[in-house]
Amino acid sequence: MVTSVPRLVIAAPSSGSGKTTVATGLMAAFAERGLSVSPHKVGPDYIDPGYHALATGRAGRNLDAYLCGPELIAPLFAHGARGCDLAVVEGVMGLYDGAAGQGELASTAQVAKVLRAPVVLVVDASSQSRSVAALVHGFASWDPEVRVGGVILNKVGSDRHEEMLREALDASGVPVLGALRRAPQVDTPSRHLGLVPVAERRADAVDAVRAMAAQVRRGCDLDALSALARGAGELSGAAWDPAGAVASAPSVSRAEDGPGDRASAGAGSPGNGRLRSPRIAVAGGAAFTFSYAEHAELLTAAGAEVVVFDPLRDEQLPDGTDGLVIGGGFPEMYAPELSANEPLRKAVAEAAVAGAPVAAECAGLLYLSRELDGRPMCGVLDATARMDERLTLGYRDAVAVSDSVLAVAGTRMRGHEFHRTVVEPGAGESPAWGVRAPRPRVEGFVRHGVHASYLHTHWASAPGVARRFVERCLTS
């Protein structure tokens with residue numbers, strides 16, 4: 001299979017240069033032209049893809065070479081971009097920044113090379129003029145395999161400022177494809193973990209995306225950007241397929257575990273001799289916005305029926321719930337409302353006590369704790385959670401310490417931590433993971449059917465996790 005979807009990677013010299021504004025504005029502007037635009041984000045970020053989805057009407061998808069491995073970047077891209085007219089990939093941090101101490105791994109530059117995609121460099125020009133040429137020259141020449149095909153100047157102060165910037169860049173060999181004026185109306189509010197997610201400010205987010213699109217239309221040469229995107233190289237190889245990934249995944253079970261060891265089609269498929277699809281309830285709504293689109297696709301491919309519920313509004317779990325997935329988000333911002341929904345807290349606790357499989361990451365860990373900032377939560381875990389000033393952030397190499405509904409002890413996965421909260425104790429009698437950095441430790445909780453941890457993982461890297469979880473939902 002050959003993938004030839006036109007594509008651009010939107011990068012910058014550093015964070016804060018305006019990548020999200022430009023990338024989201026481009027997605028929306030091209031979508032307004034009637035194009036089907038595939039949105040992507042380099043790295044583990046959950047929030048930017050929400051704005052991308054709003055701009056395009058398609059699921060925002062992550063391309064993370066650390067969590068999934070460089071070999072999955074092109075297949076995952078091809079899966080998300082299938083049938084699209086154009087793809088826009090927003091980078092992470094600075095163009096050449098990646099996993100600490102790992103060279104180019106997980107950097108925007110690495111993803112651009114894997115995708116054979118031209119890079120558009122977004123430069124914050126607010127405090128420079130002629131120096132912009134040296135900056136762009138350095139980034140364009142640092143790695144000959146990275147093709148910087150154009151520059152978009154952001155936060156330009158005036159017509160005269162733009163003229164000076166363009167004159168300086170004339171000799172750089174890198175064309176200026178846009179110049180955007182300072183525009184506070186396109187700013188999106190931030191807090192302790194970055195932008196406020198779309199789900200928490202839907203109407204305002206719609207207005208912000210429209211403003212981004214208008215700014216990009218006014219300041220960028222969309223025809224030139226489209227032509228640059230069409231110059232991306234062809235990608236060979238099959239697109240990632242959730243059904244194929246589940247069927248061919250290496251086992252994450254022991255033979256004595258029974259059905260979880262079978263590398264087969266979905267657990268609820270007729271090929272297994274089972275007629276029932278387990279119903280898996282996935283937490284959503286404003287408090288639980290962190291999820292990768294591939295997780296639901298893998299659960300469905302493994303034979304599950306995926307149903308979303310909102311812990312802020314729903315007082316009961318969906319009828320017939322066999323298992324729960326409670327991902328990341330901002331429960332600390334909604335602790336009063338989550339605590340006030342006592343009927344649902346009791347329903348979650350009763351499901352866990354009854355042995356229903358529960359997979360909880362970060363926000364889900366907090367929700368399952370006894371209390372969060374002094375407010376009662378579900379009480380599934382004998383632990384308390386609170387906000388903290390210190391930011392915990394970084395990629396993690398992890399190994400499963402205990403057998404769980406996700407994997408057997410010894411299973412290795414990569415994950416990511418991103419939070420300003422503390423859970424005490426940090427691990428139960430049966431911890432979920434052992435991690436090496438930033439210091440060797442165990443963390444998380446495995447108890448009966450519950451697996452709860454701070455670690456965010458990407459199941460596309462280990463689709464057997466989804467298969468095992470679905471099978472446990474059938475046998476619990």
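## Rings, sheet and strands: worked exercises

At 12% relative accessibility, Tyr 46 is classed as buried, because buried means under 20% relative accessible area, while exposed means over 50% and partly exposed falls in between (1.4 Å probe, protein chains only). Keep in mind that this is a predicted model, where local features need pLDDT of at least 70, side-chain atom pairs count only at pLDDT 80 or more, and totals for chains, interfaces and linings use all residues. Residues are numbered from 1 along each chain as its sequence is written, and side-chain values use heavy atoms, with hydrogens and water left out.

**Exercise 1. Work out how the rings of Tyr 46 and Phe 290 are arranged.**

Start with the rule: rings of Phe, Tyr and Trp (its six-membered ring) pair if their centres lie within 6.5 Å; planes under 30 degrees apart are stacked, over 60 edge-to-face, and the rest tilted. That rule gives seven aromatic pairs. For Tyr 46 and Phe 290, the centres are 4.8 Å apart and the planes are at 5 degrees, so this pair is stacked.

Next, find the two residues along the chain. Helices (H or I, at least four residues) and strands (E, at least two) are DSSP runs, numbered from the N terminus. Tyr 46 is in the loop between strand S3 (37-42) and helix H2 (48-56), and Phe 290 is in the loop between strand S12 (279-283) and helix H11 (293-301), so to speak 244 residues apart. Phe 290 is buried too, at 8% relative accessibility.

**Exercise 2. Classify the pair Phe 288 and Tyr 367.**

Check the numbers: 5.6 Å centre to centre and 65 degrees between the planes, which makes the pair edge-to-face. Then place the partners: Phe 288 is in the loop between S12 and H11, and Tyr 367 is in helix H14 (residues 363-368), 79 residues apart. Both residues are buried.

**Exercise 3. Describe the seven-stranded sheet.**

First, the pairing rule: two strands pair if DSSP finds at least two bridges between them. The seven strands form an open sheet in the order S4-S3-S5-S2-S6-S7-S8, with parallel pairing. At the edges are strand S4 (61-63) and strand S8 (176-181), each pairing on one side only. From one strand to the next, the twist averages 25 degrees.

Now zoom in on one pairing. Strand S7 (residues 148-156) and S8 run parallel and are joined by four bridges. Val 151 has Val 176 as its bridge partner in S8.

Last, look at a helix on the sheet. Helix H6 (residues 131-142) packs there, touching strand S6 (119-124) and S7, and its direction makes about 150 degrees with that of S6. Here contact means heavy atoms within 4.5 Å; axes are lines fitted to C-alpha atoms, for helices over the stretch in contact, and angles run from 0 to 180 degrees between N-to-C directions.

**Exercise 4. How many residues of strand S14 are buried, and which strands pair with it?**

Strand S14 (residues 321-326) is mostly covered, with five of its six residues buried. S12 pairs with S14 in the parallel sense over four bridges; Ile 280 has Gly 323 as its bridge partner in S14. Strand S15 (residues 358-361) also runs parallel to S14, joined by three bridges, and Leu 324 has Val 358 as its partner in S15.
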